[in-house]
Amino acid sequence: MIARREWSYFVVMALAAVTYGCQGEQGETEIDDAADSTTSEAESSADTESGESAEVTGEAVLSAAGDGPSEAPGALRVGRGDLEPNDASATAQQAPLGVTNNLSITKGDEDWYRVVVPARTVARVGIQMNNAAGDLDLVAYDAQGHLLGSRNGAEYPYTWRGQETNTEFYGFYSEEGGAVYYVRVLGHAGATNTYSLYVDHYTYVDGQTCTGAGFSLADCEGRGSGGSGLIPFPFPDPSDSVLGNAYNFASYSNYRFARRELVMLVRHALAETRKAFPGTKPLSLIDICQMDGVTPGYDIGDPRHPQSTHDQGGNIDIAYFQTDGSNDAEIVCNDGASHADGYCSSTAAKTHIVDLPRQAFFMAKLFASPRTRVIGTDTVLAPLIRATAQSLASLPAGDRRRISQSELNSFSSRLAYGSGWPYHHHHIHLSLQWLPQGSSARGGDPMPLSAPAPFLGPGAKDAEGDPKPQMSNSMQAPGEAVDSFDMTWPPRP
Ligand SMILES: [Zn+2]
C-alpha cells in the first residue's frame with residue numbers, strides 16, 4: 001500500500017506543475033490519465049460508468065450522472081437508505097441538517113444530495129465511514145453541475161488513493177443565502193459500504209476582524225465548548241460580492257480546516273488586494289489544518305509539516321502572487337537551482353517570479369490583524385518584499401495600493417525567514433497567535449495530538465538550561481525544537 005501511494009504521489013507531483021499551471025481551466029485531467037493504469041480491470045459496467053463520469057473533470061456536468069439527454073435506463077436505482085432514490089442530481093435528496101446514519105452505497109449505486117446554504121452561513125457537509133470496509137468518495141458540484149472538487153483538490157482523480165480516511169468533508173458558503181450545491185457519494189472501484197451524512201451550519205460573515213463582526217473570541221478561535229470548532233475553508237463562490245472567484249485550493253479537503261478568524265483574515269486580505277489591484281488572478285491556498293486541530297498528514301500517518309506547526313487551525317500555507325500568469329503552488333525562485341536546502345539561491349533576487357507589489361500588499365493586509373503572529377517567507381525574497389512594502393507605504397494618499405506605517409512596521413517585526421524557515425520559496429506561512437496549551441480545536445474534546453506547550457518567550461531555558469530559541473520569530477509551535485523539521489518535500493498538492 002505504501003509503495004503504491006508513494007508511486008502515485010510522484011505521479012501527482014510530476015504533473016502538478018502542469019495542472020496548477022493552467023488555473024482557470026477548471027479540471028485538468030492529467031492526474032486521472034496518469035493514474036489510470038492502476039484502475040481495476042474488474043469493474044462492473046455500472047462502476048465504469050461512475051468512473052467515467054467522475055473523470056470528466058472539467059465538464060462533469062450532472063448529465064454525466066444520468067439526468068441529461070443521455071440518461072441511461074435504470075439510472076435511478078433503489079438502494080436501502082431511507083433517502084433513496086437519489087442517484088442523480090435531478091432527484092437528489094435535500095441533505096438533512098445534522099447526522100443521518102445508516103445510509104448505504106450498494107453495488108453500482110451512488111447517492112446525490114442537494115445542499116442549500118442559508119445566508120451568512122458556511123455549511124459543513126461530509127460523510128463518515130469505515131474506509132477499510134469500503135472506500136467511498138464524496139465529490140462536490142455547484143448548482144450548474146460543474147465539478148468543484150474532491151478530497152484531492154480541484155479535480156476528481158478517481159484512481160488516486162493516497163489520501164483516503166474515514167471522513168471526507170467540504171465547506172460551502174453563501175453570502176446572500178440560497179446557494180445550491182450538490183454532493184455525490186460513490187464507491188471506488190465498485191466498493192460498497194454504509195456511511196453517515198453530516199450537515200452542520202456555521203454562522204459566517206466576511207469582515208476585517210472576527211470579533212469586530214460580532215463573534216465571540218471562542219467562536220473566532222474555533223475552540224472550547226463555547227466555540228464552534230474549526231470550519232472548512234469554503235469553496236469560493238463566484239457570485240460572492242466580496243471575493244468572487246478569488247482563490248482555489250491546492251491541498252486536500254482533509255487539510256482545509258481553520259479557525260473562523262483565519263478564514264475571515266485571508267478572505268479579507270484577498271478582497272482588499274483585488275480592490276487595489278484589478279485583474280488579480282485566483283490565489284492558491286495550500287495546507288491549513290485537519291478537522292481535529294492537528295497538523296496535516298497525521299490522519300494518514302504521514303505528516304506533511306514539522307510536528308505541531310499547523311496545529312489549532314491558525315496556520316495556513318499560501319502560494320505567492322506571481323508574474324507568470326497563475327498564482328499557483330510552485331517554487332518561485334526561477335534561479336535554476338535544485339533547492340535541495342529549501343531556499344532560493346541568491347540568483348533568485350533577480351530571477352524570481354513573485355509579483356512583489358501584490359505580494360507585499362496582501363501581506364500588509366494580513367499583518368494588519370493583531371492576531372497575526374508571524375508570516376514566514378524565503379530568505380532571498382524577504383528583503384525584496386520588505387523594500388516593496390516600503391514603496392507601497394510611500395505612495396500618495398488616495399492610492400489604493402498605499403499601506404499604512406503600522407503595516408509597514410510589521411515587515412520588520414513579524415516577517416520571518418532564514419534558518420528555521422526552509423521551503424518558503426514555495427509558499428508563505430501565515431501563523432496566528434497560538435492558543436494556550438490544553439485548548440481544544442473542536443467542541444470540548446482535548447487536542448488529540450501534539451498539543452503545543454505554552455508560549456516560550458525570550459529567556460526561556462531548555463532542559464539543559466540553555467536558552468531556547470525565541471519562538472515569536474520561529475515557525476514552530478511553542479515547545480518544538482528547531483531541528484525537528486521533517487517537512488515532506490516536495491510538498492504534495
Ligand atoms: Zn506551513
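Trainee: Let's start with glutamate 261: is that residue buried or exposed?
Mentor: Keep in mind that we're looking at a predicted model. Glutamate 261 is part of helix α5. Its relative accessibility comes out at 7%. The cut-off for burial is under 20%, so glutamate 261 counts as buried.

Trainee: Which residues does glutamate 261 touch, leaving out those up to four places away in sequence?
Mentor: Helix α5, where glutamate 261 sits, covers residues 260-276. With residues up to four places away in sequence set aside, the partners of glutamate 261 are Cys210, Cys220, Glu221, Arg371 and Leu432.

Trainee: And how far is glutamate 261 from glycine 314 in space?
Mentor: Along the sequence, 53 residues separate the two. Going from C-alpha to C-alpha, the spacing between glutamate 261 and glycine 314 is 8.2 Å.

Trainee: Staying with α5, how is that helix oriented relative to α7?
Mentor: The two helices, α5 and α7 (residues 356-367), have axes 9 Å apart and pack at an angle of about 140°. Roughly antiparallel would need an angle over 145 degrees, and roughly perpendicular runs from 65 to 115. The pair therefore falls in the remaining class, and α5 and α7 are oblique.

Trainee: What class makes up eight of the residues where α5 meets α7?
Mentor: On the α5 side you'll find Leu265, Val266, Ala269, Leu270, Glu272, Thr273 and Ala276, and they meet Arg358, Phe361, Phe362, Lys365 and Leu366 of α7. Sorted by class, one of the residues in this contact is polar and three are charged, while eight are nonpolar.

Trainee: What about α7 and α8, how do they lie to each other?
Mentor: Helix α8 spans residues 381-393, and the axes of α7 and α8 come within 9 Å. They cross at roughly 80°. An angle from 65 to 115 degrees counts as roughly perpendicular, so that's the label for α7 and α8: roughly perpendicular.

Trainee: How many charged residues are in the contact of α7 with α8?
Mentor: From α7 come Leu356, Pro357, Gln359, Ala360, Phe361 and Met363, and from α8 come Leu384, Ile385, Thr388, Ala389 and Leu392. By class, that gives nine nonpolar residues and two polar ones, and the number of charged residues is none.

Trainee: Moving to the strands, is asparagine 102 buried or exposed?
Mentor: Asparagine 102 belongs to strand β2 (residues 98-105). Its relative accessible area is 65%. Anything over 50% is called exposed, so asparagine 102 is exposed.

Trainee: What is the phi of asparagine 102?
Mentor: Most residues other than glycine have a negative phi. Asparagine 102 isn't a glycine, yet its phi is positive, at about 60°.

Trainee: Is histidine 339 buried or exposed?
Mentor: Histidine 339 sits in the loop between β14 (315-318) and α6 (348-351), and its phi is positive too, near 60°. Its relative accessibility is 9%. With under 20% as the cut-off, histidine 339 counts as buried.

Trainee: Stepping back, what percentage of the residues in the chain is buried?
Mentor: The chain has nine helices and 17 strands. It exposes about 18300 Å², with carbon and sulfur atoms supplying 51% of that area. Of the 493 residues, the buried share is 59%.

Terms used:
Residues are numbered from 1 along each chain as its sequence is written. This is a predicted model: local features need pLDDT of at least 70, side-chain atom pairs count only at pLDDT 80 or more; totals for chains, interfaces and linings use all residues. Side-chain values use heavy atoms; hydrogens and water are left out. Helices (H or I, at least four residues) and strands (E, at least two) are DSSP runs, numbered from the N terminus. Buried means under 20% relative accessible area, exposed over 50%, partly exposed in between (1.4 Å probe, protein chains only). Accessible areas come from the Shrake-Rupley method with a 1.4 Å probe; for residues, only the protein chains shown count as cover. Axes are lines fitted to C-alpha atoms, for helices over the stretch in contact, and angles run from 0 to 180 degrees between N-to-C directions. Angles under 35 degrees count as roughly parallel, over 145 as roughly antiparallel, 65 to 115 as roughly perpendicular and the rest as oblique. Contact means heavy atoms within 4.5 Å. Ala, Val, Leu, Ile, Met, Phe, Trp, Tyr, Cys and Pro count as nonpolar, Asp, Glu, Lys and Arg as charged, and the others, Gly among them, as polar.
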